[in-house]
Amino acid sequence: HPADFTPVCTTEFMAFANHHDEFLAENVDLLGLSIDSVFSHLAWTRNIKDKFGVDVKFPIIEDLSMKVAKAYGMIHPGAADTSAVRATFIIDPDGILRAMVYYPMTNGRSIPEFLRLIKALKTSDENKVATPESWQPGDKVIVPPPLDAETAENRVNSNDHECTDWYFCKKAL
């Protein structure tokens with residue numbers, strides 16, 4: 001996040017905190033980071049609890065050297081200050097960066113969208129499928145396109161898939 005004690009970041013951290021149990025249920029650990037000190041983080045999370053009644057239970061690490069922020073492209077070249085941009089990184093258990101989302105300083109992130117994206121990634125990985133725009137658990141998924149003419153023909157004539165055309169088929173899981 002760009003900085004402690006900023007209004008947009010405060011709303012985001014409260015939202016992450018309010019959804020913390022949902023992230024844990026998906027086996028996801030949350031970790032906050034800014035270039036502020038650990039003492040600033042402590043004061044800010046205490047302020048959030050005192051003023052807003054929200055307990056931030058996930059760790060926030062300091063990055064005073066900006067080593068992590070620079071490594072992940074969170075300090076934009078030519079920026080007027082050293083504030084990190086609003087960025088979210090989804091890293092899988094193998095340490096692979098699966099998604100990164102940047103937001104402007106003026107706008108907060110949608111935490112439910114990150115939960116949806118995590119569920120979609122897990123569904124895609126577990127079932128070797130893709131998910132359409134705004135997919136939610138229980139919705140139909142997209143079957144990967146066939147790689148040969150015979151498979152394409154068989155798929156279109158199959159009752160196992162809902163095909164709009166040979167390359168675009170959905171199915172229920």
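Student: Cys9, then: buried or exposed?
Tutor: This is a predicted model. In it, Cys9 is buried, at a relative accessible area of 0%.

Student: Which other residues of helix 1 are buried?
Tutor: Besides Cys9, the buried residues of helix 1 are Thr10, Glu12, Phe13, Met14, Phe16 and Ala17.

Student: Why would residues three or four places apart point the same way?
Tutor: An α-helix has 3.6 residues a turn, so residues at that spacing point the same way.

Student: What do the buried residues of helix 1 pack against?
Tutor: Helix 2, helix 3 (38–52) and helix 5, plus strand 1, strand 2 (60–62) and strand 3 (86–91).

Student: How far does helix 1 reach, first C-alpha to last?
Tutor: It spans 17 Å with 12 residues. That is close to the 16 Å expected at 1.5 Å a residue.

Student: And Pro7, buried or exposed?
Tutor: Pro7 has its place in helix 1. It counts as exposed, at 66% relative accessibility.

Student: How far apart are Pro7 and Asp55?
Tutor: In space, 16 Å from C-alpha to C-alpha. In sequence, 48 residues.

Student: New topic. How many salt bridges does the structure hold?
Tutor: The structure holds 8 salt bridges. One of them pairs the side chains of Glu12 and Arg109, N to O 2.8 Å.

Student: What does the pair of Glu12 and Arg109 tie together?
Tutor: Glu12 lies in helix 1 (residues 7–18), and Arg109 in the loop between strand 4 (97–103) and helix 5 (111–127), so the pair ties together parts 97 residues apart in sequence.

Student: Are those two ends buried or exposed?
Tutor: Glu12 counts as buried, with 1% relative accessibility. Arg109 is buried as well, with a relative accessible area of 10%.

Student: What about Glu26, which residue does it form a salt bridge with?
Tutor: Lys122. The closest N and O atoms of Glu26 and Lys122 are 2.9 Å apart.

Student: Where do Glu26 and Lys122 lie?
Tutor: Glu26 lies in the loop between helix 2 (20–25) and strand 1 (32–34), and Lys122 lies in helix 5, so this pair ties together parts 96 residues apart in sequence.

Student: Why does Glu26 count as buried?
Tutor: Its relative accessibility is 19%, and buried means under 20%. Lys122, at 29%, counts as partly exposed.

Student: Which residue forms a salt bridge with Arg98?
Tutor: Asp125, with the closest N and O atoms 2.8 Å apart. The pair links distant parts of the chain, Arg98 in strand 4 and Asp125 in helix 5, 27 residues apart.

Student: How accessible are Arg98 and Asp125?
Tutor: Arg98 is partly exposed, with a relative accessible area of 29%. Asp125 is partly exposed too, at 37%.

Student: Which residues do salt bridges that share partners join into one network?
Tutor: Glu12, Arg86 and Arg109.

Student: Back to cysteines. How many disulfides?
Tutor: The count comes to 1 disulfide. It joins Cys163 to Cys169, S to S 2.1 Å.

Student: What's the angle about the S-S bond?
Tutor: It is 105°, and the link of Cys163 and Cys169 is right-handed.

Student: And the two cysteines, what is their accessibility?
Tutor: Cys163 is partly exposed, with a relative accessible area of 26%. Cys169 is buried, at 0%.

Terms used:
Residues numbered from 1 in each chain as written. Predicted model: local features only at pLDDT ≥ 70, side-chain atom pairs only at ≥ 80, totals over all residues. Heavy atoms only, no water. Salt bridge = Lys/Arg side-chain N within 4 Å of Asp/Glu carboxyl O. Helix = DSSP H or I, 4+ residues; strand = E, 2+ residues; numbered from the N terminus. Buried < 20%, exposed > 50% of the residue type's maximum accessible area, 1.4 Å probe, protein only. Expected span 1.5 Å × (residues − 1). Contact = heavy atoms within 4.5 Å. Disulfide = S-S within 2.5 Å.
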